Amino acid sequence: MSTSEPQPLVADVADLKHCCATFYASDWARLLHGESLHPGGLALTGRLGSLLGLEQNARVLDVASGSGRSAVFLAERFGWSVIAIDLADEHSTAVVAAAAGAGVSDRVTFVRGDAEALPFADGAFDAVICECALCTFPAKAVACAEFFRVLKPGGRIGVSDVTRNGSLPDDLASVLAWVACIADAQPIAGYRSLLAAAGFAVDREERHDVVLRQLLEDIRTRLLGVELVVKLQDLELPGVDIAQVKSLARSAEFAVRSGVLGYGLLVGTKPLSASVPSVRLGPGFRAQPQPADTPS
Ligand SMILES: C[S@@+](CC[C@H](N)C(=O)[O-])C[C@H]1O[C@@H](n2cnc3c(N)ncnc32)[C@H](O)[C@@H]1O
């Protein structure tokens with residue numbers, strides 16, 4: 001099955017978003033990923049940060065921040081003021097605690113909100129980053145238009161995400177696979193088209209496929225550990241089918257090894273001449289057609 005068009009696999013798009021937000025706020029996500037919820041961890045966040053090339057005290061928005069590990073790291077490393085925004089309010093406590101622990105409480109704030117309807121004024125930020133989350137947004141073009149709107153002219157966009165090169169097998173097109181950032185992953189050219197259609201000049205593209213392979217290997221090891229503990233302690237994990245998660249992880253590893261799945265990073269700029277859109281796009285409004293299903 002080809003997943004070039006976003007085809008939400010549950011009837012209601014709101015359910016899909018809720019499903020994703022709930023999973024990444026759960027102990028399961030921490031168990032499988034650790035604190036940083038994207039391949040490449042803080043090392044890749046550091047790479048993205050360097051490519052943005054911002055001054056100290058720049059105002060940065062981390063869209064779909066999860067527990068805020070990247071936001072705190074960027075505030076510490078580069079001296080930026082970062083607002084972490086995520087659909088799941090549960091991350092608020094973790095962000096506040098991590099910021100306090102790192103001594104950057106004055107520079108990291110959490111806001112609950114939707115990437116497809118950002119609660120900020122036009123031109124409010126010097127940069128927007130979005131790590132391993134654009135792939136999960138049902139209305140990707142709307143989210144990209146929102147990134148563009150909240151940036152100043154000359155502002156920078158940095159995205160890293162799971163990439164797809166060709167069609168995915170059916171077992172990687174489930175709701176679970178959507179939540180796991182796989183089912184609606186785009187070719188890297190697709191992310192480039194989405195950003196360009198929103199108005200960005202994309203000036204850098206990098207492939208980091210190896211970090212996805214490493215993360216999946218780590219997840220396999222962690223799953224074995226979970227299975228052992230569950231068996232030894234005769235535990236129940238409500239709502240979780242370990243066999244299904246293991247099977248998804250195995251298929252994903254195979255897709256990475258065969259070059260179908262990878263991880264990419266894109267950096268761009270909002271042109272200085274850009275004006276902000278006169279009409280604010282609301283959720284559910286598709287600003288631009290989705291990019292063609294062109295293997296990268
Ligand atoms: C794979 S995690 C990545 C988290 C973080 N960027 C990181 O790299 O550690 C995906 C995150 O996207 C968030 N998310 C999903 N849909 C969203 C939306 N429409 N608006 C804001 N956050 C969303 C989820 O709650 C989850 O925290």
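Asp203 counts as exposed, because 12 C-beta neighbours lie inside 10 Å; a residue is classed as exposed at 12 or fewer other C-beta atoms within 10 Å of its own, as buried at 20 or more, and as partly exposed in between, with C-beta atoms placed from the backbone. The model is predicted: local features need pLDDT of at least 70 and side-chain atom pairs count only at pLDDT 80 or more, whereas totals for chains, interfaces and linings use all residues. Residues are numbered from 1 along each chain as its sequence is written.

Strand β6 (residues 201-207) contains Asp203. Helices (H or I, at least four residues) and strands (E, at least two) are DSSP runs numbered from the N terminus; the chain has 10 helices and 7 strands. Beyond four places in sequence, the contacts of Asp203 are Val267, Gly268 and Thr269, a contact being a pair of residues whose C-beta atoms, placed from the backbone, lie within 7 Å. Between Asp203 and Arg192, 11 residues apart in sequence, the C-alpha to C-alpha distance is 9.8 Å.

Of the 296 residues in the chain, 46% are buried. The largest nonpolar core has 87 residues, such a core being a set of buried Ala, Val, Leu, Ile, Met, Phe, Trp, Tyr and Cys residues joined through C-beta atoms within 7 Å. Val63, Val128, Phe147 and Ile182 touch the most other members. Helix α6 (residues 140-150) supplies the largest share of this core, 8 residues. With residues up to four places away in sequence excluded, Ile182 touches Val162, Leu172, Ala177, Ala252 and Leu261. Among contacts in the chain with a separation of 6 or more, 79% join residues 24 or more positions apart.

Methods. Two residues are in contact if their C-beta atoms, placed from the backbone, lie within 7 Å.
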